[in-house]
Amino acid sequence: SIYEMFGNECCLSTGEVIKVIGFKINKLIASICENNEVSRFSAKVELPLNFPGLYKVVADKTPYVSIEEIARKVSIGPTRFGHPCFYSPEDIKLASLTIKHGEQITFNSVEEVNGTMTVNCGVVRNNQSHSFTLPLSQEGKFYECEDDQIYTLREIAEWKISKCRNRIVKLSSTLHTWDSSNPLPENFDGCLLLTPVYEVQAVMKFRKDIVRILSDLDVEVKDITDCYDTNSFLQPLSLEDVFERTSKEFPMVAEIMERPPGSQKPYNLLYTGKEIVIYKKFQATRVLASEIRSDFPKRHFLIPISYKGKFKRRPREFPTAYDLEIARNEKEQLHVVATKAFDSPHEELFSVSVGDQFLVQQSQTSEVLYEGRKKLVDVLACEQILSDTYKKVLIPMYMEGGFVEVIHDKKQYQLSEICKEFCLPFNVKVSVRDLSVEEDVLAAVPGLKFEEEITDSYLLISSASSPMESWEIPVYRLNMTVHLLSKNVQTVVAPVTKTTVEEISEEQYYMLRRYENQTLHPPPRPPKKPT
């Protein structure tokens, strides 16, 4: 019989052998929560995994009763999502150390040690990391720790919903304006109970694609794993699976089982059934850039350092005097024009008028008279540019005004030069497009803000049949499945690599910014007015 459910079609004949390769959440059923309980007036709504928004995970109050249950139900893996944290209400005494009750334990990976399955764990004490293993047989109560990160719904579905459990999440921020097609109430900022709907992923003997069967399909099956040669089936691999292979296994030939979405080159060349050569895995640097515009949505890009176009500088805007202090550097003096007036409450500090021009000098402290008492405040020393002279002035660091940079530098820069000579963020526009590509997507953008450099994981690939050029494809942003072929690679050295500027979605942009910034200390907040 041919079954079609929600666009998933497959033919299941009596006696057909199916190899189940995984279970995946297909969609989420959401109910509005109040005080972590489902409201009895709440209607259930269906949310696709690409439903916009960023969410915080509410810690599950139901404990796990053993390490084995955690390993079986919770996603533990090599990516930054796959390191869940738990605590025990009781001390755990090990040979090398004692885990104190309430201490946060990070679960890093599952592996076999001397014939015993264990979980590699870690705790942090006095900024020092201590590693240890816990056997799956370890019993006790283990509770989820609070998680202050934010996630997309897809990330939550893939990493943060345990098998046989639901998940409560709190909406942290919306990425789009509300409209009537949104199943959630307008201005909703509460909690949702997410119930997963699974699909079974399987391969069949005479098909080269992955079959998806919704879990509520009414069909009887029999487990024949112990009496069947499962090696006769294709072994689908995600790009993450390929990346986890050792460097010695590269290069390799693979056939695409599921093509990636999108019409952007080279993704439009990666169709189902195409054979590719995967030359190596590596880490590469990209510059994260956003379109400069006042309205939404803005476009976002990941630009390789090898980009061959050239850029000219564009003025930066600074909302406060404190932002001027952050932006100034020793290589060149920062010249700005005030776009907003500011009346200083202190005689000792300067009042700014629209159109005033300044050369930013340095930050310092200054004594002011406030309610009859002398107080020290943080100020920015500047030189006001007058018609024929300069005047030294002090601007309070807490000043909320507005400034625009005056650009004197007319030079054209390569991307690598900008990263070397200037601090990011940095505003530019393309002055000479990249002539090595047919269409330079950056050339049509009126202005770009280079936000930060990031390092990400990539695979270098080319077509197996006509390896005229190679491409760098992202491991964690490209949803593509392959299976390896037992063919010899004709050319071990990859052909010339084509520069590819990757345009990313708003969700992917927030994910990259969030995880790149989490290891950095945020800058101190601007000083407040004296009180």
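Colleague: Is Cys382 buried or exposed?

Modeller: In this predicted model, Cys382 is buried, with a relative accessible area of 3%.

Colleague: What about Cys145, buried or exposed?

Modeller: Cys145 counts as buried, at 13% relative accessibility, and the closest cysteine sulfur to its own is in Cys85, at 5.6 Å, which again is too far for a bond. A disulfide here requires two cysteine sulfur atoms within 2.5 Å, and by this rule the count comes to zero disulfides.

Colleague: Changing topic, how is the protein chain divided into domains?

Modeller: The division gives domain 1 (1–59 + 146–234), domain 2 (61–145), domain 3 (236–311 + 409–518) and domain 4 (317–405).

Colleague: How many residues are in contact between domain 1 and domain 2?

Modeller: On the domain 1 side there are 14 residues in contact with 16 residues of domain 2, and the two domains bury about 1,300 Å² between them, with 44% of that area on carbon and sulfur atoms.

Colleague: Which residues of domain 1 lose the most area to domain 2?

Modeller: Those are Ala59, Trp159 and Arg165, which together account for 49% of what the domain 1 side buries.

Colleague: Now the strands: in what order do the six strands of the open sheet come?

Modeller: The order is S7-S14-S8-S11-S12-S13, and the pairing is antiparallel. Strand S7 (64–66) and strand S13 (128–135) stand at the edges, where each has a single partner strand, so one side of each is left without a neighbour in the sheet. From one strand to the next, the twist averages 45°.

Colleague: How many bridges join S12 to S13?

Modeller: Strand S12 (residues 116–125) is joined to S13 by eight bridges, with the two strands running antiparallel, and Asn120 has Thr133 in S13 as its bridge partner.

Colleague: Which way does S30 pair with S23, parallel or antiparallel?

Modeller: Strand S30 (residues 426–432) pairs with strand S23 (residues 310–313) in the antiparallel sense over four bridges, and there the bridge partner of Phe311 is Val430 in S30.

Colleague: What about S30 and S31, and which residue stands opposite Asn427?

Modeller: S30 and strand S31 (residues 448–463) also pair in the antiparallel sense, over three bridges, and the residue opposite Asn427 is Lys449 in S31.

Methods
Residues numbered from 1 in each chain as written. Predicted model: local features only at pLDDT ≥ 70, side-chain atom pairs only at ≥ 80, totals over all residues. Heavy atoms only, no water. Pairing = 2+ DSSP bridges. Axes fitted to C-alpha atoms, helices over the stretch in contact; angles between N-to-C directions. Buried < 20%, exposed > 50% of the residue type's maximum accessible area, 1.4 Å probe, protein only. Domains from an automatic or database assignment. Contact = heavy atoms within 4.5 Å. Buried area = accessible area lost by both parts, 1.4 Å probe.
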